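Hi,

Here is the structure I promised to pass on. My notes on what turned up are just below it.

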Amino acid sequence: MNTSNLRNFPTLRRWGALAISFLVLWTLGYCKSADAQAVYGSIFGTITDDSGAVVPGATVTVTDISKNIPVQTKTNASGDYRVDHLIPGTYSVQAEAPHFANATVSNVVVYADTSPKVDLKLPIASATSTVEVTTGAPLLQTDRADVSTVLNARAIGDLPNLQRNFTSFELLTPGTTYIGWSVGQATNPQQSQQIEVNGQLPFATGYELDGTDNQDPIQGVAVINPNLDAVSEMKVTSQNYDAEFGKAVAGLVTAQTKSGGNSFHGSAFEFRRSDAQQARDPFTQIGPNAIPSFVHNQFGGSAGGPIKKDKAFIFGYYDGFRLIQGNSTGTYYIPTAAQLQGNFTVDPGLPKLYDPITQ
């Protein structure tokens with residue numbers, strides 16, 4: 001045995017650790033910035049003058065209207081610009097360059113995993129002039145080929161939803177079917193729906209909430225079923241979704257929650273149903289206690305606002321659910337003693353009636 005190799009082993013191990021550390025630091029130092037994930041959106045476009053010539057070096061400012069947070073970039077030699085990692089919301093886009101008047105487009109709606117194209121024309125400046133375009137960006141999608149349906153906060157808040165179940169909105173998109181499998185309360189406490197997309201089983205649909213995986217690995221349903229007042233948008237993609245969602249086979253459901261703003265906003269709700277508003281069946285529900293006790297009560301709210309104006313924001317929500325459900329009433333026959341012994345030869349007459357509510 002060569003003992004010199006054993007004596008040099010700690011030194012070799014230290015040199016190996018140093019080499020690995022150097023390789024990691026070199027990789028981190030030279031890697032490019034990652035592309036925007038599907039939790040964010042983007043705005044891109046081209047800046048030109050009145051004649052259609054591109055304007056390189058123009059300053060483009062994209063501002064979140066609710067938070068008043070600006071992001072600036074410069075156009076390249078081709079007059080193109082792009083701003084990534086935008087939280088879903090409404091933005092204004094302003095372009096300015098020396099010897100040109102400023103131009104602004106307001107109310108540009110950015111959804112997660114979308115990129116509206118906003119082109120601006122800069123006229124030759126007079127003394128002081130600004131051109132403001134009041135119409136929003138065109139809705140034609142030119143940067144991607146996915147097939148999707150987007151529901152904004154207003155649609156989610158106003159559309160009828162008896163159980164206020166967020167996953168039920170998935171059924172508003174083409175190619176979806178509710179299969180109604182029985183899922184236990186213990187394994188699905190938030191009662192997420194099991195829905196087929198494009199004929200595939202529910203396990204083949206991916207669920208994302210604020211950019212994180214929200215899918216139960218066994219049953220395939222959404223783990224967190226958020227409060228409807230807290231959702232800013234929902235997007236159901238059935239075809240050609242991004243490669244980062246490779247595990248999804250049938251479709252992809254992404255949702256974003258609200259993030260507060262420069263003004264305080266809140267909401268409160270209560271939806272209550274009980275046996276006091278139910279009509280009894282006159283043929284099967286007879287008697288003063290014919291309708292079983294039933295109370296279905298959903299209540300909660302949301303609130304958001306600034307911690308520090310234009311800098312930090314907060315948002316939170318609460319969703320409560322109470323359910324009281326009694327057994328159905330009815331009238332039952334009590335067998336006679338002879339029938340209990342298996343003797344059905346003698347006609348005992350009408351058996352005694354038994355009401356489980358009164359007896």
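Trp-181 is partly exposed, with a relative accessible area of 43% (partly exposed sits between buried, under 20% relative accessible area, and exposed, over 50%, using a 1.4 Å probe and protein chains only). You'll find Trp-181 in the loop between β10 (176-178) and β11 (195-197); strands are DSSP runs of E, at least two residues, and helices are runs of H or I, at least four, numbered from the N terminus. Together with Leu-201 and Phe-203, Trp-181 makes a nonpolar surface patch of about 300 Å² accessible area (Shrake-Rupley, 1.4 Å probe, only the protein chains shown counting as cover). Patch members have over 30% relative accessible area and no salt bridge, with nonpolar side chains joined within 5 Å.

Bear in mind that this is a predicted model: local features need pLDDT of at least 70, side-chain atom pairs count only at pLDDT 80 or more, and totals for chains, interfaces and linings use all residues. Residues are numbered from 1 along each chain as its sequence is written, and side-chain values use heavy atoms, leaving out hydrogens and water.

On to charges: there are 6 salt bridges (a Lys or Arg side-chain nitrogen within 4 Å of an Asp or Glu carboxyl oxygen). Among them is Asp-113 with Lys-235, at 3.6 Å from N to O. Asp-113 lies in the loop between β6 (102-110) and β7 (120-122) and Lys-235 in strand β14 (residues 231-239), so this pair ties together parts 122 residues apart in sequence. Both Asp-113 and Lys-235 are buried.

Asp-158 and Arg-154 also pair up, at 3.7 Å, but these two are exposed. They sit 4 residues apart in helix α3 (residues 153-158), about one turn.

Cheers

How values were computed
Patches are made of residues with over 30% relative accessible area and no salt bridge: like charges are joined within 9 Å, nonpolar side chains (Val, Leu, Ile, Met, Phe, Trp, Tyr) within 5 Å.
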